[in-house]
Amino acid sequence: LNAFDCAYIFASTEKIHFVPGQFFRLKKIGDNDKNTRAFSAASAPDSSHITFLMKNIPTGIISGFLNTAPKGTEIEASEPLGKFLLAPQDEHHVYIATGTGLAPIMSFLESSPASGAQLLFGVHDEEHLLWRDKLPSNAYITVSHPSNTWTGLQGRVTDHLDTVTKKIEHTGFYVCGNPEMVIEVRKKLLEKGVSPHDIHFEIY
């Protein structure tokens, strides 16, 4: 994807069932459980393929292993876990993500491509951009440290919450990224009148 992040696609002989937003604990075949790492599915469920988005960390137990593993390498996965799920009462969805926090958001988007959901996605610089060809055409993308050639939004996602909070009634807000971003976004959404019950988050 870029110099900092990788997407790995795994195939199964059977359809892989999970709920969009859930994660799996992955480990090397035969390794012990203390070496498992959690990764959210970044693709739609009920397919024979599943995608995981990971930071490219050479020393990472899973990401470092996969970075040098040959095509066809198998990996062991747990059952799907997690409660970062779309609430049934939502009439509208707003997704706010930074970096690899985009992973579960992509699962939401690919599961309901015609939902009309809004996405606000932030990265540090253009070199950290992910899946621009797969993001919705109406997505807001902001870069906090842009180059002179960047013509899109600038700043952090917290600088652009007004773009996705014009309608807050019957709207679920789903936030995923680093702890500082999630805490700050939640605080600002509450200040804008969003009910705490309508703010859902996952920290990466």
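**Burial, caps and edges in a predicted model**

Modeller: In this predicted model, W131 lies in the loop between β7 (118–123) and β8 (140–143).

Biologist: Why is Q22 called buried, when Q22 lies in the loop between β1 (5–16) and β2?

Modeller: The cut-off for buried is under 20%, and the relative accessibility of Q22 is 11%, so Q22 counts as buried. Leaving aside neighbours within four places in sequence, Q22 is in contact with S40, A41, P80, L81, G82 and L85, and the side chain of Q22 reaches the backbone nitrogen of V19 at 2.9 Å, where a polar contact requires a pair of N or O atoms within 3.5 Å.

Biologist: How do you know that the buried residues of α3 line one face of the helix?

Modeller: The buried residues in α3 are M181, V182, V185 and L189. Seen down the axis of α3, the buried residues fall within an arc of 95°, so they line one face of the helix. An α-helix has 3.6 residues a turn, so residues three or four places apart point the same way. The buried residues of α3 pack against β6 (92–98), β10 (171–177) and β11 (199–203), whereas E180, I183 and E191 are exposed on the other side of α3.

Biologist: What makes N178 a cap at the N-terminal end of α3?

Modeller: A side-chain oxygen of N178 lies 3.2 Å from the backbone nitrogen of E180, and that value is set against the limit of within 3.5 Å for a polar contact. Just after α3, G193 takes a positive phi of about 100°.

Biologist: Why do β3 (37–40) and β5 (76–77) stand at the edges of their sheet?

Modeller: The open sheet of 3 strands has the order β3-β2-β5, with antiparallel pairing. β3 and β5 each have a single partner strand, so one side of each is left without a neighbour in the sheet.

Biologist: How do you know that β2 (residues 23–27) and β5 pair?

Modeller: Pairing needs at least two bridges, and β2 and β5 have 2 bridges in the antiparallel sense, which meets that requirement. L26 stands opposite A77 in β5.

Terms used:
Residues are numbered from 1 along each chain as its sequence is written. This is a predicted model: local features need pLDDT of at least 70, side-chain atom pairs count only at pLDDT 80 or more; totals for chains, interfaces and linings use all residues. Side-chain values use heavy atoms; hydrogens and water are left out. Buried means under 20% relative accessible area, exposed over 50%, partly exposed in between (1.4 Å probe, protein chains only). Helices (H or I, at least four residues) and strands (E, at least two) are DSSP runs, numbered from the N terminus. The arc is that of the directions from the helix axis to the C-beta atoms. Contact means heavy atoms within 4.5 Å. A polar contact is a pair of N or O atoms within 3.5 Å; within protein, one must be able to donate a hydrogen and the other to accept it, and residues adjacent in sequence count only if both atoms are side-chain atoms.
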